[in-house]
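Here's a walk through some packing and backbone details of one protein model. Take a look at the structure, then read on.

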Amino acid sequence: MSDVIVPKGQPVAGDPEKKGWLFKWTNYLKGYQRRWFVLSNGLLSYYRNQAEMAHTCRGTISLLGALIHTADSCTFVISNGGTQTFHIRAHDEVERQSWVTALELAKAKAIRAQESDDDEDQISGGVVVVGSGDGEGEDAGGIARELAARFHDLRTCSELVARHGAALQRSLVDLEIPPSDTTNQVSERATLFRISCNAMMNACSEFMSTAAASSARLSRALQHEREQKIRLQEVVEQLARQHDSLEKTAMGQNTSHSGGNGSGQGNETEDEDHEFFDAVEEGVTSTMDDKTSFVIKVPVNRKNKEKSGESSDESEGETVTETQQVIFVEDQERAEGSMGGAEPGEDAAAASKAPGKEQDIVVWPHVSQAAGGRARRTRVPDKPNYPLSLWSIMKNCIGKELSKIPIPVNFSEPLSMLQRLTEDYEYSMILDQAAKFTDPAQQLAYVAAFTVSSYATTACRTNKPFNPLLGETFECDRMADLGWRSISEQVSHHPPMVAQFCEGQAGWQCWQEFTMTTKFRGKYLQIIPLGSASAMFVNSGNKYTWRKVSTTVHNIIVGKLWVDNHGDMDIKGEAGPAAGYVAHVKYLPYGYFSKDTQRKVTGVVKDPQGVPRYVLQGHWDSRVEVAPVTSASADNTVCKTGKFVLAWERVPAPPDSDRWYNFTLLAAQLNEPEEGVAPTDSRLRPDQRLMEEGLWDEANVEKLRLEEKQRGARRQLEAAAEAAAARGLPAPAPAPRPAWFARQAAPAHAHLRHLYTHRYWDCKARQDWAACPDIF
């Protein structure tokens, strides 16, 4: 019998648990290719054909710790944490399910085998060896060797004590017949015995100290491994639930498509050239265990260092050093159950309020009919299931300038950026509540909770909004039912910039100038806001200013898109009695194996003297709680707090919102047609309206027409300016633009900002739209 060379990672000889032909995703040019797969000994390997099994393995992935989930009725994905991912497609749903079942069984068998091996390896010479999971330095093998060396020292000392003790005993017996030198001999033997006993005691002391230190390290490692096990169990349970939900959804879609699309859906060969197969990748859940007390980490004052919008990204070479304050919260009643994490892709608002908990505010219930009898819609049409072919898009881009490449509406949602920014005021009742407070610290704590609430829907909203045209506006008058109204305008196209102003019936005003920069890193896209936002309370004159944190969109190339918000936000009091107050809010970045709950937000509010006054905690996609600081240490690093109260909680999304772009009810009503608005209003955009109605092909044509119209107007203006310059004349004035915002110097700020001119609502009352350009 000849020897067989088995490549590294390939299963050893033995009967495979399952084998057969499947299709594996290779790249965007070749797509899915037919490969021979073999499942054996907890490893899944593939070859180009059966003949290659004797000498060449094309790839192997270990099922131990791998995630297995289905993408559609015939496709499943295997991933081991990011280093390896197999996208595999079966011939039909039955074959896919049989492979998934076999893989899950093989994975469970491999886990059981590893646990059995670990139990045997961890018992060595009566000492239990546990791998260090907390990164403290010394591994289990080093600890075992050190303890073994100390034990050897003890054994040597024991032999010395026994030998010298026997010699001393013989000397004492000889005292019965005392020779001349018996006394000296006994003294010498007694001295040797004393030295041996001292060495024995010293060795015992070293052994005990080493064992105590090792026991502490092993206890921490064991606790860490237990926590990791609990997290992984929660991940498996969550993935199992999502797997079941995805299968049901896929079955429902397949049933509806087969009944409604006729024979056009049956041509698999033709569809393969136009489909893009995404891998569903879910996040990791982590839950905090119940404890009698817990810790909140908040950033201390970094000497009022001014930021200019750029994030503290260490990968870019910038290092920001900051100290952490630790605040011990002793209120167990509010602590328990308030720190639960939410998973990416899951509606975090499903965690409803526990009965009996106090609340300071009443969460706004979404309404379908506003005051005054005006009925509002409660949803938008369902999102069509149009296949997206990246290859077709790339072919259409060949030979075109980068600025002329159209981005299809397939990547968008039927809302413009102006409307998306208006969603920041969905939980305006937080500002209504903050307007009632006279304490600037308490008011600032609720303003911080309001800034967190603006990120509530970003976790599940992965489609990009429409880019507004220059001069495009959007008004939202919800004064009758929600108590606020806003006006937004695209004031610049290069770079794109939005100016917005909102006023509330409770006596507050908010305005912002939003622009951003982006960083593309291959697998993810980072969005860094550059503008600033402000809030002012009319009665007290308190004014607060902040900048938004960075947003990262993951899985840009392959996989299911998911969004994370991270970074530090400083909300500063700039006017009124609140001047000098500051709130440091920290958005913790997502970590697959982090000990903290995901999407966590912590913060502290300090007075002008730097003394903590309020702390806040929660999650940016579900809820925020605040509590007053009752006492603080001399250095303001350890504080005790009172009872936490709910400052904001997200309203659960409609149960079928995943079928219409994951909109909230407010988002669904933003693009609702309305009479009397400006002719530049986003609701009048024809491409956006066609997309909402499901006519995506027509929407793409109309979108291209609007973009070309905007480019043509700019080219005409540039040509006219060149002609005027050639004749020595001044350049012609640009086309009229709404005068709702004017670029001017803001109070207490040196640079220019786009500030609201307070003219829009008067012009609307008169229906005077003479200043509006023809952009649609």
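Both Y760 and W761 are buried, meaning under 20% relative accessible area with a 1.4 Å probe and protein chains only, where over 50% is exposed and anything in between is partly exposed. Keep in mind that this is a predicted model, where local features need pLDDT of at least 70, side-chain atom pairs count only at pLDDT 80 or more, and totals for chains, interfaces and linings use all residues. Residues are numbered from 1 along each chain as its sequence is written, and side-chain values use heavy atoms, with hydrogens and water left out.

Back to those two rings. Y760 and W761 make an edge-to-face aromatic pair, with 5.1 Å centre to centre and 90° between the planes. The rule here takes rings of Phe, Tyr and Trp (its six-membered ring) with centres within 6.5 Å, and calls planes under 30 degrees apart stacked, over 60 edge-to-face and the rest tilted. The count by that rule comes to 20 aromatic pairs. Ring pairs also tie Y425, F450, W484 and W508 together into a cluster.

R34 lies over the face of W21, 4.0 Å from the ring centre, while the charged end of R89 sits over the ring of Y32, 4.6 Å from its centre. A charge counts as over a ring if NZ of Lys or CZ of Arg is within 6 Å of the ring centre and within 35 degrees of the ring normal.

Now for the cores, which are sets of buried Ala, Val, Leu, Ile, Met, Phe, Trp, Tyr and Cys residues joined through side-chain atoms within 4.5 Å. The largest nonpolar core has 71 residues, and I571 and Y587 have the most contacts inside it. Helix α9 (residues 440–453) gives the most to this core, with 9 residues; helices here are DSSP runs of H or I, at least four residues, and strands are E runs of at least two, numbered from the N terminus. Leaving aside residues up to four places away in sequence, I571 touches a list that includes L444, V447, Y544, W546, Y581 and V585, with contact meaning heavy atoms within 4.5 Å. Apart from that core lies another, of 19 residues, with F37, L39, I68 and I88 among them.

On to the strands. An open sheet of 7 strands runs in the order β4-β3-β2-β1-β7-β6-β5, with antiparallel pairing. Edge positions go to β4 (59–62) and β5 (67–70), each with a single partner strand, so one side of each has no neighbour in the sheet. From one strand to the next, the twist averages 35°, using axes fitted to C-alpha atoms, with angles from 0 to 180 degrees between N-to-C directions. Strands count as paired if DSSP finds at least two bridges between them. Here are two antiparallel pairs:

| Strand | Partner | Bridges | Facing residues |
|---|---|---|---|
| β2 (residues 31–40) | β3 (residues 43–47) | 5 bridges | F37 and Y46 |
| β18 (residues 516–520) | β19 (residues 524–529) | 5 bridges | T518 and I527 |

Which residue takes a positive phi in the hairpin of β18 and β19? That's G522, near 85°, in a hairpin with 3 residues between the strands.

Most residues other than glycine have a negative phi. N41, however, has a phi near 55°, and its place is in the loop between β2 and β3. N41 is partly exposed, with a relative accessible area of 48%. N636 also has a positive phi, about 60°, in the loop between β27 (623–632) and β28 (639–641). N636 is buried, at 16% relative accessible area.
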